[in-house]
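Please look through the structure shown here before reading the report that follows.

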Amino acid sequence: MRKQKQPAGKKRFPWLPVLAALAVLAAGLVVFCDGRIRRASAPFVYDELADVPHHHAALLLGTSAQLDDGRPNLYFRYRIDAAEALFRAGKVDKILVSGDNGDASYNEPQMMREALIERGIPDSLIVLDYAGFRTLDSVVRAREVFGQASFIVVSQRFHNERAVFLARRHGIEAVAYNAADVRAFAGLKTRSRELLARVKVYLDLATHRGPRFLGDRVEM
């Protein structure tokens, strides 16, 4: 008797090459978004205080004064240093502090206000934006709520590049002054998140996303 042929096994889907291709595409997207934002913002981002043009307001982007483990947050300290330097040099007349105040126990603008007052900056020249939940919210609200069509963003370079890019894509004449950065190892997690945030910038622009809240106009 002739032996019956065994049915051929089902072909497996080539998952490995597909996953590899997707990984390459994702990496390419990250590199593209990162490069575009760096290049577009470069003419408007300053390291040297003397080079920064005068503006009525600085937009100080919020962060927490302490890390989760209770240690001082150097990003916070260096942003306060930079805002104070701008004010002392006569580069700005007022400081708009924009950050997250999502609940009663966490208030970035208030923490920064207290630090600025400790540096001798008059409270009357500090304005708080409690609804700066994201960088997009902060830059757009600076114009729509606080009436600033141009301003100096204050944060670390990686954050400033994205903030200036977003502002200018929304028709805002923003420049930025770079606060000192933390050493590379300590800031590795933050820089990794920043790469993903830069991809999110393009998604937000494509979907015409705006701030979570606007509200009544505030004079500065």
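The model is predicted, so local features need pLDDT of at least 70 and side-chain atom pairs count only at pLDDT 80 or more, while totals for chains, interfaces and linings use all residues. Residues are numbered from 1 along each chain as its sequence is written, and side-chain values use heavy atoms, with hydrogens and water left out.

Helix 6 has 19 residues and spans 28 Å from first to last C-alpha; helices (H or I, at least four residues) and strands (E, at least two) are DSSP runs, numbered from the N terminus. Its buried residues include Glu194, Arg198 and Asp204, where buried means under 20% relative accessible area, exposed over 50%, and partly exposed in between (1.4 Å probe, protein chains only).

The structure holds 17 salt bridges, each a side-chain nitrogen of Lys or Arg within 4 Å of a carboxyl oxygen of Asp or Glu. Three of them are listed here.

| Pair | Closest N and O atoms |
|---|---|
| Arg198 and Asp34 | 2.9 Å |
| Arg157 and Glu161 | 3.5 Å |
| Lys200 and Asp204 | 2.7 Å |

Arg198 in helix 6 and Asp34 in helix 1 are 164 residues apart, and both are buried. Lys200 is partly exposed at 30% relative accessibility, whereas Asp204 is buried, with a relative accessible area of 6%.

How values were computed:
Expected span 1.5 Å × (residues − 1).
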